[in-house]
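Could you walk me through how the strands and helices are put together here?

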Amino acid sequence: MLTGKQRARAKIAAFSEAGLRLGLEIAKCTALDATAERVKSGGLAAWASSAWEGGFEALIFVSSAGIAVRAIAPLVKSKASDPAVIAIDEAGQFAVSLLSGHMGGANRLAREIGEYIGAMPVITTATDARGLFAVDQWASEMGFAVENPAMIKKVSSEILAGNTVGFESEVPIGGQAPGCLTGAQASANIYIGDSAPDLASALWLRPRPYAIGVGCRKGAGIESVEQAVKDCLHSEGISIKSAFALASIDLKKGERALIELAAKHSMAFITYSAAELMQVKGDSLASSEFVLKTTGADNVCERAALCACGENAQLISPRTAGKGVTVALAKSTKEYFFD
């Protein structure tokens with residue numbers, strides 16, 4: 001799932017030389033961190049399964065919509081976890097949002113790719129078609145975790161029916177609220193915060209302002225990395241569901257444990273070069289000569305967490321180390337808004 005305005009880690013499949021040329025051009029779109037490849041006849045199912053299970057946020061098919069639908073059909077599970085899927089014809093005329101239009105960000109990607117290559121985005125979700133507030137798309141754009149995605153249907157149904165929906169937020173939301181939202185309780189409600197509401201009547205959106213910085217030995221097991229992360233979060237009283245990103249140095253870009261952990265908890269996996277990490281300012285940051293000689297940065301986890309959170313980030317939990325894993329936690333100063 002895409003969170004906020006992150007670049008989508010995407011795989012692009014093409015089935016002809018012309019399609020591959022277009023796929024390589026699409027891969028250059030600023031909305032994507034993508035690779036394009038030509039998939040041979042008979043290899044599509046394996047390609048789709050590998051991309052799906054590999055934690056990619058988007059799968060793009062330079063093909064007919066039918067080919068894409070048949071490839072992903074056995075893999076579809078839930079709108080809360082499925083990646084964005086887009087089909088683009090070989091002539092580059094249409095960018096069709098096929099799956100996870102809102103939460104997965106396929107609608108946004110179809111529009112951005114369409115603008116980049118001059119294709120018409122094809123969006124068929126009901127709220128978009130009628131110009132109404134789409135709570136799941138808005139939640140994705142703000143980077144909120146959806147704790148009970150089944151309630152999205154109830155909230156959206158009320159909005160589509162022309163009814164108002166109750167709205168309560170524990171964090172400031174800027175801008176003008178859509179007219180369909182009201183401060184009063186209704187038959188369907190939206191709650192934004194960390195305390196569980198009445199889940200029978202409220203869609204619970206959890207803010208995710210935290211980034212987890214991780215350094216680990218090559219080949220570390222996901223169990224040991226996950227335990228170290230959870231120990232760090234538990235010491236601060238923070239749920240792993242409140243973290244939007246797992247961050248590390250680019251030397252770890254292919255580290256399976258980090259990729260799988262990020263995918264398991266619907267976090268972005270972000271890596272930075274040693275030079276980028278060393279640009280982070282802070283008098284109290286840990287420093288290791290050994291790590292500096294090994295990686296080019298004197299500290300990976302603290303600097304990576306702060307990098308992911310952007311300007312004015314706060315280091316919440318400094319470096320902790322154990323069993324070949326180092327973890328740190330930072331908080332962003334992200335602002336939330338309606339428009």
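Here is a short report on a sheet, the helices lying across it, and a hairpin.

## The model

Please keep in mind that this is a predicted model.

## The six-stranded sheet

Let's start with an open sheet of 6 strands, whose order is β2-β1-β3-β4-β5-β6. The pairing in this sheet is mixed. At its edges sit β2 (32–38) and β6 (120–122), each of which pairs on one side only. On average, neighbouring strands of the sheet are turned by 20° against each other, direction ignored.

Inside the sheet, have a look at β1 (residues 8–14) and β3 (residues 58–62): these strands run parallel and are joined by 5 bridges. For a landmark, find Ala13, which stands opposite Phe61 in β3.

## Helices across the sheet

Helix α1 (residues 17–26) lies across β1, β2, β3 and β4 (84–88). The direction of α1 is at about 165° to β2.

Helix α2 (residues 44–53) lies across β1, β2, β3, β4 and β5 (94–99). Here the angle is given to β3, and α2 runs at about 155° to that strand.

Now move on to β16 (residues 314–322) and β17 (residues 325–331), which pair in the antiparallel sense over 6 bridges. One of the pairings to look for is Leu315 with its bridge partner Ala330 in β17.

What do β16 and β17 form? They make a hairpin, with 2 residues between the strands. In the turn, Lys323 has a positive phi of about 55°.

Methods: Residues are numbered from 1 along each chain as its sequence is written. This is a predicted model: local features need pLDDT of at least 70, side-chain atom pairs count only at pLDDT 80 or more; totals for chains, interfaces and linings use all residues. Side-chain values use heavy atoms; hydrogens and water are left out. Two strands pair if DSSP finds at least two bridges between them. Helices (H or I, at least four residues) and strands (E, at least two) are DSSP runs, numbered from the N terminus. Axes are lines fitted to C-alpha atoms, for helices over the stretch in contact, and angles run from 0 to 180 degrees between N-to-C directions. Contact means heavy atoms within 4.5 Å.
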